[in-house]
Amino acid sequence: MYKAPRGTADILPEEQPHWRLIEQKAAETCQLYGYERIDTPVFEDTGLFARSIGEETDIVAKEMYTFEDRGGNQVTLRPEGTAPVCRAYLEHGLASRTKPVKLYYLSPIFRYERPQSGRYRQHHQFGYEAIGDGDAALDAEVIDMAWRFFASFKLTGLSLQLNSIGCRQDRPGYIKALKAYYADHLARLCPDCNKRYQRNPLRLLDCKKPICTRIAAAAPQNTDYLCPECGEHFSRLTGYLTQLKLPFVLNHRLVRGLDYYTRTVFEIQPEGEEAAQSTLGGGGRYDHLIEQLGGQPTPAVGFATGLERIVLNINKQGIAVPPPFRPAVFIAGVGGEAVAEAIKLAANLRGNGTGVIHGSGGRSLKAQLRQANSLGARHAVIIGEHEVASGTVILRNMATSEQETVALKDLAARLG
Ligand code: HAM
């Protein structure tokens with residue numbers, strides 16, 4: 001028997017209400033802040049991701065689903081949503097629109113990770129990007145939007161972690177200080193961190209191994225090395241967040257897993273969890289990405305959250321979601337002619353916009369009513385030979401089991 005590939009999941013009918021609720025709240029939140037939907041292909045040229053996310057990141061080095069297609073092109077299943085949006089922004093000349101250009105997406109994402117609770121090889125993200133404005137007010141808006149989105153589910157106990165990782169000007173000074181600090185600890189660091197020390201020292205800060213975490217705790221802090229412009233940007237941002245009453249926590253070890261970030265980085269985490277596989281969402285500013293992909297220098301900021309993790313947290317916190325769709329009416333036809341009448345009636349009612357399921361005629365009335373009950377229909381309409389002959393139906397209220405005879409011509413009005 002075949003099974004869904006490891007790290008993927010089927011979303012069964014009973015789980016669909018959660019997903020529809022999240023999509024609905026995503027669209028509503030985007031409307032509140034003026035974001036428009038964009039959809040990009042599931043796969044792109046591999047180079048787009050290697051170039052933007054960074055060759056040394058786990059995503060590019062170990063996790064991409066990359067293959068050569070039949071035409072000999074190297075393509076990759078989308079491992080994140082920001083680079084494709086920037087590619088589309090450039091390809092379609094969206095730079096000519098009023099800035100910031102605000103776009104959002106809901107899309108499947110593929111990363112070859114070690115599957116565990118909340119971590120999949122195919123997951124789904126709701127993300128949004130504001131392109132073309134460097135003002136700290138926009139960072140505040142992007143963070144406020146994420147916070148409002150989670151609040152709309154009544155999720156509690158979330159924490160908002162914030163940091164600034166500076167820019168091209170101040171990064172070399174900080175990296176120098178970081179390397180000087182870590183030089184004394186190399187023998188105690190894990191093998192991966194020894195590689196990071198050489199290739200991507202910022203990543204040293206977010207290693208989850210206990211020994212590396214302890215060493216990172218006393219490392220120099222990026223915010224102490226910001227250039228005056230980045231320092232000013234960060235202090236304006238924290239001022240706006242305070243004004244908005246967003247309870248941010250400064251986290252000097254927050255660097256994020258993608259290389260394109262500059263200045264603001266942030267994450268939203270659920271209460272008391274090991275961060276790596278439970279972070280609800282993350283984002284930040286990426287002021288050089290558009291330029292790196294061949295465009296004009298264009299500042300931008302964005303955020304993305306994993307839908308599976310939202311579902312997990314909604315369930316953990318026992319938050320009610322709207323019940324799944326239920327058909328209003330179940331039609332039970334008993335006997336040859338009655339079944340033909342039931343099919344006709346179902347078509348008429350559907351034409352009036354009433355949801356109808358009709359039972360299969362070969363089954364007993366009792367079996368059909370049991371089916372109506374398990375489907376959660378509000379009413380059952382029973383048609384037997386007597387009803388066909390007299391132009392009536394029996395209307396049964398499934399909650400109370402009360403039944404009455406109704407003329408066929410009056411039925412639609414009674415159900416409406
Ligand atoms: P990211 O932090 O890599 O950021 O992913 C965003 C969110 O996707 C995570 O916080 C998590 O909720 C979810 N997620 C990531 N990997 C998995 C997985 N294997 N299984 C389940 N959920 C997962 C980005 O992708 C950036 N593009 C965000 C961004 C947008 N930055 C600026 N704009």
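1. Basis of the note. The model is predicted, so local features are taken only at pLDDT of at least 70 and side-chain atom pairs only at pLDDT 80 or more, while totals for chains, interfaces and linings use all residues. Residues are numbered from 1 along each chain as its sequence is written, and side-chain values use heavy atoms, with hydrogens and water left out.

2. Cysteines. With a disulfide defined as a pair of cysteine sulfur atoms within 2.5 Å, the count comes to zero. Cys167 is in no disulfide, and the nearest cysteine sulfur, that of Cys230, is 3.5 Å away, which is too far for a bond. Cys167 counts as buried because its relative accessibility is 8%, and Cys230 counts as buried at 1%; here buried means under 20% relative accessible area, exposed over 50% and partly exposed in between, with a 1.4 Å probe and protein chains only.

3. Helices α1 and α12. Helices (H or I, at least four residues) and strands (E, at least two) are DSSP runs numbered from the N terminus. Helix α1 (residues 16-33) packs on helix α12 (residues 307-316) at about 115°, with the axes 10 Å apart; axes are lines fitted to C-alpha atoms, for helices over the stretch in contact, and angles run from 0 to 180 degrees between N-to-C directions. That makes α1 roughly perpendicular to α12, given that angles of 65 to 115 degrees are called roughly perpendicular, under 35 roughly parallel, over 145 roughly antiparallel and the rest oblique. On the α1 side the contact (heavy atoms within 4.5 Å) is made by His18, Trp19 and Ile22, and on the α12 side by residues including Leu307, Ile310 and Ile314.

4. Helices α5 and α9. Helix α5 (residues 136-151) and helix α9 (residues 228-243) pack at about 45°, with their axes 8 Å apart, and α5 is therefore oblique to α9. In this pair Ala136, Ala137, Asp139, Ala140 and Ile143 of α5 meet His233, Arg236, Leu237, Tyr240 and Leu241 of α9.

5. Helix α2. Helix α2 (residues 46-53) is largely enclosed by the rest of the structure, because six of its eight residues are buried. The buried residues are Thr46, Leu48, Phe49, Ala50, Ser52 and Ile53, and they pack against elements that include β2 (43-45), α3 (58-63), α4 (82-91) and α11 (289-292). Just after α2, Gly54 takes a positive phi of about 110°.
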